[in-house]
Amino acid sequence: MSKTLIKIENLHASIEGKEILKGINLEIKEGEVHAIMGPNGSGKSTLSAVLAGRDIYEVTEGKVTFNGKNLLELAPEERSREGIFLAFQYPVEIKGVSIVNFMKAALEQHREHKGLEPLSPAEFLKLMKEKKELVEIDSKLTNRAVNEGFSGGEKKKNEVFQMAMLDPKLAILDETDSGLDIDALRIVANGVNKLRNEHNGFMVITHYQRLLDYIVPDVVHVLYDGRIVKTGGKELAFELEEKGYDWIKQEVEA
Amino acid sequence: MAKQDDDIILNEYSNKEYEAGFVTDIETEVFEKGLNEDIIRRLSEKKGEPQFMLDFRLKAYRRWLEMEEPDWALLEYEKPDFQAISYYAAPKSAPKYNSLDEVDPELIKTFEKLGIPLNEQKALAGVAVDVVMDSVSVHTTFQETLKEKGIIFCSISEAIREHPDLVEKYLASVVPIGDNYYAALNSAVFSDGSFAYIPKGVRCPMELSTYFRINQGNTGQFERTLIIADEGSYVSYLEGCTAPQRDENQLHAAVVEIVVMKDAEVKYSTVQNWYPGDKNGKGGVYNFVTKRGICKGDNSKLSWTQVETGSAVTWKYPSTILKGDNSVGEFYSVAVTNNHQQADTGTKMIHIGKNTKSTIISKGISLGHSNNSYRGLVKISANAENSRNFSQCDSLLIGDKCGAHTFPYIESENPTAIVEHEATTSKVSEDEVFYCNQRGLDTEQAVSLIVNGFAKEVLNQLPMEFAVEAQKLLALTLEGSVG
Ligand SMILES: Nc1ncnc2c1ncn2[C@@H]1O[C@H](COP(=O)(O)OP(=O)(O)OP(=O)(O)O)[C@@H](O)[C@H]1O
Ligand SMILES: [Mg+2]
């Protein structure tokens, strides 16, 4: 019986007084991959942002336990250091800051949190090289400033690269597959599969069953109007691909 | 590119914490406070100067008496009382040392606290350091190597004694004694500073570096720097400073003059970190500096790079006179103001020769209640055919109580000239900060990183080790001011 990584109970969150998450219940155990699907505007990105600690969303009710800790009490940077990684749906540009320096600064914080010494320059560069190979990202990209002038697909690849560098316990991938060409999709999915092990977990938000051919989920959830309305195995993704969301909406509203 | 990143990392790992704000306990000889002709005579005598220097000083003093202190619209500060300043302070005996072992250990301790690379390692790394501490040069390294090439790099006092012809010929040739109030005062009372002469066709093999530091309470600093790059020569010169915390205001009124001859190039880099005062602006350094260079010969080039984080009040416009045809002037600046700091900085590019080119990149960062003004003058005179200027002034605001102001003045008397000016103002966005937070950086670290990125174009102009120091300085300046 593997350990629970994250447990979300009756999570409600709103923005500017408008409730977006209306009671989410979700539990991910170590070693599991959960896919989250659902129509546009149903609250998928909101859920990931709330878990990462974005303070524009107000949590009005509920509880989140991560690694035995009360997640909602932690600052966003503490959540990161504890092992939550969010691959953003829309990664921002940080002008003039090279990915190398950015990752070095981030990794130092993560290591300090774990009581580890910073890596020596040689060790750090070795790690960079290793992870670059893992996600097949070019040095041409990692030597540039974070996302500055990156194409949509390059930004997504960069997110996966950073994930590989920080080696999180729980990675939330918010539509990391959108904007990727077929080759990139395969590369990114392979990267995730290589990182996957019995101690970490993934929450993969996607609109396309296609991704789940590569990253095979243990559980598929459907988020609709701020609630998880259906949970199933990977065959649920096929069903959604085929039939769309109408039947689910009907079920919910019935 | 990858190489450079690696180097930055290697450097950063090997550099130590940078801290300022302490006082060294070294016996010093100090003049009584006050300013008059007698003080100037004594000062000149103490320094063993030739007659021409005394005459120069007295002439400047008399000019200064007739001048009025400038009033800058955007600077507010208490005017310094010039009679309440002591104009000479020297370590009791100021010998030249052959090795670091002979140097007062207190002094070494100060340097170490500052992270000043006055040690053998740094020297081996190729930096000759001429340290100006309390106005008298205490230590000079690598003189021998320089001597072989015929390069003169010494304190200006020494230059006045050893190379009076050069000094007499070039001193005040770029900044005339009556140029402005503070330049006149400096000409009258300058205590020490640096002198560099690069002979014809010589490429200076190392960065020439001077670290300034005010150490004696209530001692005004009037540094004088003169750099002459003879035909076809090249030199990169670094100036950096920190100051210990003080209760009284300390005045700093330096003059820097640079002469660049035909086909020569000078790169002048500054990292400036005078004590800015406490949160309320009390006790900071007043920094009124006149820096000017002339591209005298054809195809000459002068490049200024500065990182300014300190001072309560800064008033500074490194300027370049582009006299030779095809000469090039560059100005790269990062100025950070925090709390109640006020900075009024910028540059002047005076195009006189034909086909002259100038580039201005100014990055202003304002935090707290500070005010950061950029004032730039681009003047194209009637004979400056086909001259070009490009100016880019970007401001970054952190918080909503600070201000940034840009004043570009363009005077063009030649219709063939092209002058372009671009300006932007932006804020550190919450999305950027959150992105960094999500990777494990707290907000302060995030802002520091974003600020460094914003200033990148300028920081890239600095020699590597200076760039690392400058980044730390920026981070230090932001400490405790965001969140
Ligand atoms: N900052 C905000 N201000 C106002 N409304 C917001 C904000 N963020 C999210 N919302 C609203 O919350 C709802 C859920 O948005 P969210 O981005 O979580 O959807 P999603 O499921 O990720 O959709 P998509 O599939 O299009 O990415 C939407 O109606 C959206 O307009
Ligand atoms: Mg979304």
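Chain B has 13 helices and 23 strands, where helices (H or I, at least four residues) and strands (E, at least two) are DSSP runs numbered from the N terminus. This is a predicted model, in which local features need pLDDT of at least 70, side-chain atom pairs count only at pLDDT 80 or more, and totals for chains, interfaces and linings use all residues. Residues are numbered from 1 along each chain as its sequence is written, chains are lettered from A and ligands numbered from 1 in the order in which they are written, and side-chain values use heavy atoms, with hydrogens and water left out.

**Chain B overall**

Of the 483 residues of chain B, 61% count as buried; buried means under 20% relative accessible area, exposed over 50%, and partly exposed in between (1.4 Å probe, protein chains only). Among contacts in chain B (heavy atoms within 4.5 Å) between residues at least 6 apart in sequence, 85% join residues at least 24 apart.

**The interface of chain B and chain A**

The contact draws 42 residues from chain A and 27 residues from chain B. About 2,900 Å² is buried between the two chains, and carbon and sulfur atoms give 61% of this area. Buried area here is the accessible area (1.4 Å probe) that two parts lose on being put together, summed over both. Across this interface there are 15 residue pairs in polar contact, both residues being at pLDDT 80 or more. A polar contact is a pair of N or O atoms within 3.5 Å; within protein, one must be able to donate a hydrogen and the other to accept it, and residues adjacent in sequence count only if both atoms are side-chain atoms. On the side of chain B that touches chain A, the elements giving two or more residues are α1 (2-14), α10 (430-438) and α11 (443-454) of chain B. That side of chain B comprises 13 nonpolar, five polar and nine charged residues. In this classification Ala, Val, Leu, Ile, Met, Phe, Trp, Tyr, Cys and Pro count as nonpolar, Asp, Glu, Lys and Arg as charged, and the others, Gly among them, as polar.

**Salt bridges**

The structure holds 27 salt bridges over all chains, each being a side-chain nitrogen of Lys or Arg within 4 Å of a carboxyl oxygen of Asp or Glu. Three salt bridges are counted between chain B and chain A. The table lists pairs from the interface and from within chain B.

| Pair | Closest N and O atoms |
|---|---|
| Arg54(A) and Asp431(B) | 2.8 Å |
| Glu430(B) and Arg54(A) | 3.7 Å |
| Asp179(B) and Arg292(B) | 2.7 Å |

Asp179(B) lies in the loop between α8 (164-170) and α9 (181-189) of chain B, and Arg292(B) in strand β13 (residues 285-295) of chain B, so that this pair links distant parts of the chain, 113 residues apart. Asp179(B) is partly exposed at 30% relative accessible area, whereas Arg292(B) is buried at 13%. Elsewhere, salt bridges that share partners join Arg54(A), Glu430(B) and Asp431(B) into one network.

**The magnesium ion**

Ser45(A), through OG, and Gln89(A), through OE1, coordinate the magnesium ion (ligand 2) at 2.0 to 2.2 Å. Ser45(A) belongs to helix α1 (residues 44-52) of chain A and Gln89(A) to the loop between β6 (84-87) and α3 (99-113) of chain A, 44 residues apart. Donors are N, O and S atoms within 2.8 Å of the metal (3.2 Å for Na, K and Ca); water is not among the atoms, so sites may look incomplete. Ser45(A) is partly exposed at 28% relative accessibility, while Gln89(A) is buried at 17%.

Ser366(B) lies in strand β19 (residues 357-366) of chain B and is buried, at 0% relative accessibility. A polar atom of the Ser366(B) side chain is 3.1 Å from the backbone oxygen of Gly403(B). Beyond residues up to four places away in sequence, Ser366(B) touches several residues, including Thr337(B), Asn372(B) and Cys402(B).

Ser391(B), in strand β21 (residues 388-397) of chain B, is buried with a relative accessible area of 4%. The side chains of Ser391(B) and Asn389(B) form a polar contact of 2.9 Å.

Ser426(B) is located in strand β23 (residues 418-427) of chain B and is partly exposed, at 31% relative accessibility. Its C-alpha atom is separated by 6.2 Å from that of Ser395(B), 31 residues apart along the chain. Leaving aside neighbours within four places in sequence, Ser426(B) contacts Ser395(B), Leu396(B) and Leu397(B).
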